[in-house]
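Please read this report with the sequence and the 3D view side by side.

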Amino acid sequence: MCISIATEQVFATFFCLTWYFLEDKEFSGLLNLNKKMSLTYILVLVLFTCAIASEPWWIKVAKKQGPMVCAEEHVANSNRSFSIPWTGGSLCGSETIVRFSCCPGYGRTEGERGCPLVKPLKNLAETAQEIGATQFVKQADQSGILPLLTSRGAYTVFVARDQAFELLTKEQEKALNASKKSRSRPSVLLYTIVEGRITAEELPKSLHTLYREGSASVTKYPNGLIAINCIPVIATNIEATNGIIHVTESLLLSTGRNTISDLLAKTPALSTTATALSRAQLSNELRDKKSLTLFAPTNEAWESIPANFMEALMEDPSTLKVLLRYHIVDTAWCSRVTAGAAEMKTLEGTTINLSCNASGQYIDEARIVEKDFPARNGFVHHIDTVIIPNRVRSLAEYLDIRGMTYFLKLVEYSGILSLLQRQAAYTLFVPTNDAFEALPNDTLSDLFSQPSFARAVASFHVTSGRQLTSNAIDGQRLGTIQGQDQSLRLRIHKKRLAVETALVVESDLQTRNGVIQIIDRVLLPPTASILDHLREGNFSIFLDLLNQTNPNLLKLLEDTSKTFTVFAPSDAALNATMPPGMLQRLLVDPAMLNKIMSRHILPVFVVSSSLELHLTYSYPAVNEELVTVTKENSDSLTVARLAEVTSIDISATNGVVHEISRMIHL
């Protein structure tokens, strides 16, 4: 794939490559001078080819039509057009079409390709009139600054065409009329004029205009669009005798001295937002900080919030601050420079999603109803919905919104739902609906018919405080609200976090009163120890061999204060796979017995959910000998490359048991 390469870079590369091949001693015995130079020229030719190939397609098409042909992108069913195609073929759902015509100042000659005719230059005022900016010139005349456009210069002027004047706001009309009534007051149109002849390619990030109130901000986007104070520049580099003209989509006027906070104070329709910002102590931030965008809910938007939620919000400044910071973006954004979907980072640190179509533009689920109110330090947009981030919802509200119906039903039936609506922070390990449906039918039925069982299971999924994955430690135990004797064991393998036998599949979903970790299994609190499981099952030979070891491994497993993983072959497995006489050999050879049986016990908690597919993990056994575990598929493990796990993740109070198909021989 070719990338864009500047001419200077190509020449620099040429000299670097030439020096390298001529001077590098490793090549001196391999290539003669002619071959070295040939190779250098080939590489440079490739770079030039890439530079040419990276040229935008519309420039290539224009060049094929002849000299001085320019592209212009038109938005279907509208009057919008751009001299630099930048939308990618669609502007908020509306198709865009690229047409070709003579560049400004050039014309066609009969029988000639392209537009070779060079038209005579005229002054800035005459040139502006020729490109459809008659109203701009008229306003300049009435404001007393027409001589700047006719006989002075050189200037760079940002003009707006006549149709832009039909869309002026009352505030903008008021500012224009004030300039005309008082010749002692500088014309606001001076804000469109900059000293010197500056092409679009040369525009700096900030322009010092002739107007007394400050500079204009220039933004150049990767797609080729240029904006002045967020107003798209729709035509560029139109030459005149005394300067150069760039056409803006709307009239460029000074943003004045008003900050975002000042705008809110002067806008009755946003009075509730202004009050909320003051209560959350954000007004000063919106006054002092630069380059912000506020998506301000209208008063009607606030009124649509349930009264009890609104009352609680206004009485909790810290939560209110979180909500409002979710409506503020740490950059100046305006509606006309966006062609489709995008993400923007809020002051809260999360992202909000921008989308647009023929019906309008949206921020998350909120529609932008009034746009692009400029302030000295950014923009304000009115939206019809208060965006409520999860961070300000309660745990119970979030479960409801996410559709975690089984778990929500479980906590409600178990009687702990009220706990999740309090201010105290909790962390929930919430199984997916699929995880509940994967339970045996009898177990699922018991969950919603036996209150004591439901409470034990529900409580086993809840811990106190905000437990974030970034703070998790391998082997950590988290006490549940069921009590410290019912703690959750964490296991970390690289980027995978397992809690008990479940994998965390979606992490750190923060709410007003806690954190939610989504897991892929329902956690049933273990009630039996490892030895209880083995004694209740068909593992008598395995238990007898453990009891014959010295030191006694059976007594080791009786220690319920420690955590173990046991790979246990059943009696049937041993009878089917153990070589004849092997059992007797082990019983008469204590060293071998101890060595082999120690391989079946790991002093760590190993569950299948923490392991990745097709990877092999090595763990020290209780005798420090390494034992490997390979995850073959989602529910299949192999131990020491030979013993298959036939029943995985049998949870116990002091660890986990995996039933295996044979004795582990390394």
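## A buried strand

Buried here means under 20% relative accessible area. The model is predicted. How many of the six residues of strand β21 are buried? Six of the six, across residues 426–431, so β21 is largely enclosed by the rest of the structure.

In a regular strand, side chains alternate between the two faces of the sheet. Both faces of β21 are covered. Tyr426, Leu428 and Val430 are buried on one side. Thr427, Phe429 and Pro431 are buried on the other.

## Partners of β21

Strands of a sheet pair through backbone hydrogen bonds, in either the parallel or the antiparallel sense. β21 pairs with strand β22 (residues 462–464) in the antiparallel sense, over three bridges. In this pairing Thr427 stands opposite Thr463 of β22.

β21 also pairs with strand β27 (residues 514–519). Here the sense is parallel, and there are six bridges. Phe429 stands opposite Gln517 in β27.

## A seven-stranded open sheet

Which strands make up the open sheet, and in what order? The order is β29-β28-β34-β33-β32-β31-β30, and the pairing is mixed. β29 (601–602) and β30 (616–620) stand at the edges. Each has a single partner strand, so one side of each is left without a neighbour in the sheet.

Within this sheet, β32 (residues 636–639) pairs with β33 (residues 643–652). The sense is antiparallel, over two bridges. Val639 stands opposite Ala643 in β33.

## One face of helix α21

Helix α21 spans residues 540–547. Its buried residues are Phe542, Leu543, Leu545 and Leu546. Seen down the helix axis, these buried residues fall within an arc of 160 degrees, so they line one face of α21. An α-helix has 3.6 residues a turn, so residues three or four places apart point the same way.

## Disulfides: the overall pattern

How many disulfides does a search of the whole structure find? It finds four. A disulfide is a covalent bond between the sulfur atoms of two cysteines. With bonded cysteines counted along the chain, the pattern is 1-4, 2-8, 3-5, 6-7. Three of these links are described below.

## Cys92 and Cys356

Cys92 and Cys356 form a disulfide, with their sulfur atoms 2.1 Å apart. This pair links distant parts of the chain, 264 residues apart. Cys92 sits in the loop between β3 (90–91) and β4 (94–102), while Cys356 belongs to strand β17 (residues 351–357).

The torsion about the S-S bond of Cys92 and Cys356 is about -90 degrees, so the disulfide is left-handed. Cys92 is buried, at a relative accessible area of 12%. Cys356 is buried too, at 15%.

## Cys102 and Cys115

The sulfur atoms of Cys102 and Cys115 lie 2.0 Å apart, in a disulfide. Cys102 is in strand β4, and Cys115 is in the loop between β5 (106–107) and β6 (117–118). They are 13 residues apart.

The link of Cys102 and Cys115 is left-handed, with -85 degrees about the S-S bond. Is each cysteine buried or partly exposed? Cys102 is partly exposed, with a relative accessible area of 22%. Cys115 counts as buried, at 0% relative accessibility.

## Cys230 and Cys334

Cys230 and Cys334 form a disulfide with sulfur atoms 2.1 Å apart. Two loops are joined here. Cys230 is in the loop between β11 (226–228) and β12 (231–240). Cys334 is in the loop between β15 (328–329) and β16 (342–345). The pair is 104 residues apart.

The torsion about the S-S bond of Cys230 and Cys334 is about -100 degrees, so this disulfide is left-handed. Both cysteines, Cys230 and Cys334, are buried.

Where is Ser187 found? It is in the loop between α8 (170–181) and β8 (193–195). Ser187 is buried, with a relative accessible area of 2%.

A polar atom of the Ser187 side chain lies 3.1 Å from the backbone nitrogen of Leu189. Leaving aside neighbours within four places in sequence, Ser187 is in contact with Ser143, Ile145, Ser179 and Tyr211.

Technical notes
Residues numbered from 1 in each chain as written. Predicted model: local features only at pLDDT ≥ 70, side-chain atom pairs only at ≥ 80, totals over all residues. Heavy atoms only, no water. Pairing = 2+ DSSP bridges. Helix = DSSP H or I, 4+ residues; strand = E, 2+ residues; numbered from the N terminus. Buried < 20%, exposed > 50% of the residue type's maximum accessible area, 1.4 Å probe, protein only. Arc of directions from axis to C-beta. Disulfide = S-S within 2.5 Å. Polar contact = N/O pair within 3.5 Å; in protein donor to acceptor, adjacent residues only side chain to side chain. Contact = heavy atoms within 4.5 Å.
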